[in-house]
Each structure stands twice: as C-alpha cells, then as structure tokens.
Amino acid sequence: MFYKEMADEAESYLGILQGIRRELHQIPEFGIDLPKTRARILESVEGLGEITLSDRQSSIALLIRGAQPGPTVLLRADMDALAVKEDTGLDYASTNGYMHACGHDLHMAIGIGAAHLVATHKDKLKGNVVIWFQPGEEGHGGADIMLEENMHMVSGDKPIAAYGIHVTSSWQPPKTFGGKSGALMASASDMIVTFKGRGGHGSSPWMAKDPVSAMTEAINALQTMVNKRFNAFDPVVINVGWIKAGDDHTTNVVPSTASFGATVRTFSPGMLAQVQKYSAELLDGIASAFGVEVEYEIGKFATEVVMNNPETTERVRQMVSKVWGDEAWVEWPTPIAGAEDFGSVVREIPGSFIFLGASPADTDWQQAAPNHSNLAVFDDSVVPSGCALLAGLAFETLEDAAK
Ligand SMILES: [Zn+2]
C-alpha cells in the first residue's frame, strides 16, 4: 500500500496542524461541555464526511464512507483539558486557568489530520472510518457516554477495530511509538469509607465509640491486605489520598465520624471485584471489632483496564516498522498505573491504544515534566506521524478484512 507516501503527505500538513493545535491549546475547556473546542474541530473537518453530534456532551462522530463497501474502523481523539494553571511560559500558553497538560490538543490535531488523509484517499478505502472527538476523558465518563449514545454505530455497523493515540512528554523517546498487547493501563476507581461511632469526651474514650481508631486500623490493614490476599504478579494499588475526622482546633473530643478516600488501581479484568469483596470483608470486620458502624463505596467511578488486543497491536507494530523503521517502536515491558477511558472502548471493540513520544527535542525526555504537570511541554511536530499512523491503521485493517 501507500503508507510511506501517506506519512509524507501528513508531514505536508504540519504547519496547518500546528496552527490548529496551538489555537486549541489557548482555549482549553474542562469536562464534557467544550463548546469552543467543538466549534474549532467542526470548522477543520467540514465537508469531510457525515457529522453526528451529541446533546449530552460536546462529542463529535465523523463518518467517512469509502468508495468500496466494507466494515467500519473507529479512530478516537480526546478533547478535554485539566484544571491546571499553565506555567510553561510558551507564547501560546493558556491563560484561562485550564491547561492541555495531557496533550489532548495534539490528539485533536491528530484526529483532524487523520480525517483529511482518510477523506483524500477514500477511493482506496474498503469500508468506513468513524473518527471520534471525545470530551470528558479526564474522569468525566466521556467515552462511556459516547458508547451509550451509540456514537460508535454511526455507520450502521459495529466497528471491527478501534485505535487511539496518546502523546507523552516523558515516558518514551521523542518521535517513537510504543505500547504492548494485553493490559496497557490500569483500571482506576475510588474507595470512600466512613466509620460512624458515637462522639464523646476525649478524656474518657471508653464512654464513646471512637471511629478514628477504626479508621487508622483500616488504612494500615488495607496495605497488608494487598500484600496477603492478592497475587503479586497481578498487582493491586490502594493509596489513601485524604482522611477526615474531628476538628483541628480541638483535641478533647471524640468525633462521631471518621472517613478516608483512596484510589484503587488494578490491571486485569475481574480484579476490581476481588478488591471490592476483600475490602468489604476487612472494613466490616474492623468496624465490628471496634464496635462502630462503617459505610463504604468501593469501585466508584471505575474505569476499565485498557486491554490491547494482540492482533490489532501486532498490526500497529508492523505499521510502525514499515513506515518509520523498527527503532521507532518501543515495546513496553509492563502496563502503567495511569488510567484511560479508552478502556471502555476496547471492552466493546477489539483495538489498541498507542503512546507517541512528544518531548521537545532540546530536553532530556526522561527528566521532562510529565503529562498533567503545569510545566508539561509537548512537541507538536509529532502530530503528522500520529495522523499517518491512525489513517494507515484504518486502511490496513479494512484491507486485511477484505482479504
Ligand atoms: Zn490524557
């Protein structure tokens, strides 16, 4: 096929795509309602295909039908920014209190460029390509809303494969692609626990029911539980991020409640259910031993593990080495504990999530400020390679399906 030529063609879009990316960088929006961002994308993809919009959130599904009939492939770009105040000092830095600190502005430019490549060559396309511009990735359930609204079904068929790219300012060398098959990113969820006792005088805790002791016991016991009840080769991370009890001006009162919140990370399907079961047993046991009550929510706002399909991931490796050479692929030895709602997409549709190194050429990528940092800087000259990879994967997947 023509993948190298398409990569060269994508490079010729560089100036335009950098311009769009930097415009988007200056209008970051948070959550699922991103009106300015959506308007800018719509302007850039006008006339390329059929547009479906959502009224629950600012998502866009762009359907490009090929000249030849065939199945559908889904490409996904996320759109939302973080509530981080930008301190990069870039001349196109955001000033509105939000920041594209996770590089989703590059993802949108990649999606726009990929749409142009696919549309330009749709005479060779043996099926359909749906490009998702998805808000609400950063913990707002955007992918799940798009699935609930059947935005993956806009061609009439369920896609046979899905691909998404994520840029990174520090996890791998610049201008390399990377990933692995199987678990790539964790399931993340919240554990919220409240012990309820009976308040009293701090001089005589035996007259009260102290929830603070139960809470501290539980926080420590959860760490031991991770070690003693879970296979060390299928990791579980439970980290308490906040605790709350009593009043910080008062030492002589037994408070009536004590609570904490933790993040829970797991790396295989079904593991979260085990965390829910064992944690519930542990918390109930501690509450009863301390004579207090406990309420908990375990697995709140859970994202799915990003499980890369072996077949689509092998296609990614081959495409990268065909177009950019073997050295352009970094095989990840392990998953990372970060989470992504693309996990919901690959639960429904076999697919792959791929990282793209985007640390600036003049920095040491290993020392660079990571994604989500107020200092994170992404080199947008990598955008054309991202476009060429996503478009190439769409063509190749449909080509393979037609064989
Ligand atoms: Zn992200």
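Reader: Which residues does His100 touch, not counting residues up to four places away in sequence?
Author: This is a predicted model, to begin with. In it, His100 touches Leu24, His25, Pro28, Met79, Asp80, Ala81, Asp105, Met108 and Phe378.
Reader: Where is His100 found?
Author: His100 is in the loop between E3 and H4.
Reader: Is His100 buried or exposed?
Author: Buried. The relative accessibility of His100 is 1%, and the cut-off for buried is under 20%.
Reader: On to the metal. Which residues coordinate the zinc ion?
Author: Cys102 through SG, His104 through NE2 and His166 through NE2. The distances run from 2.2 to 2.4 Å.
Reader: What spacing do the donors follow along the chain?
Author: The spacing is C-x1-H-x61-H. Cys102 and His166 link distant parts of the chain, 64 residues apart. Cys102 sits in the loop between strand E3 (68-78) and helix H4 (104-120). His166 belongs to strand E5 (residues 161-168).
Reader: And Cys102, buried or exposed?
Author: Cys102 is buried, at 8% relative accessible area. His166 is buried too, at 4%.
Reader: Switching to domains. What does the assignment give?
Author: Domain 1 covers 3-183 + 305-402, and domain 2 covers 187-300. Their C-alpha centres are 38 Å apart.
Reader: How many residues does the contact take from each domain?
Author: Eight residues from domain 1 and seven residues from domain 2.
Reader: What area is buried between domain 1 and domain 2?
Author: About 540 Å², with carbon and sulfur atoms giving 73% of that area.
Reader: Last one, Leu125. Where does Leu125 lie?
Author: In the loop between H4 and strand E4 (126-134). Leu125 counts as buried, at 0% relative accessibility.
Reader: What does Leu125 touch, not counting residues up to four places away in sequence?
Author: Ile64, Arg65, Gly66, Ala67, Gln68, Val118, Phe395 and Leu398.
Reader: And how far apart in space are Leu125 and Gln274?
Author: They are 44 Å apart, C-alpha to C-alpha. In sequence, Leu125 and Gln274 are 149 residues apart.

Definitions and conventions. Residues numbered from 1 in each chain as written. Predicted model: local features only at pLDDT ≥ 70, side-chain atom pairs only at ≥ 80, totals over all residues. Heavy atoms only, no water. Donors = N, O, S within 2.8 Å, 3.2 Å for Na, K, Ca; no water. Helix = DSSP H or I, 4+ residues; strand = E, 2+ residues; numbered from the N terminus. Buried < 20%, exposed > 50% of the residue type's maximum accessible area, 1.4 Å probe, protein only. Domains from an automatic or database assignment. Contact = heavy atoms within 4.5 Å. Buried area = accessible area lost by both parts, 1.4 Å probe.
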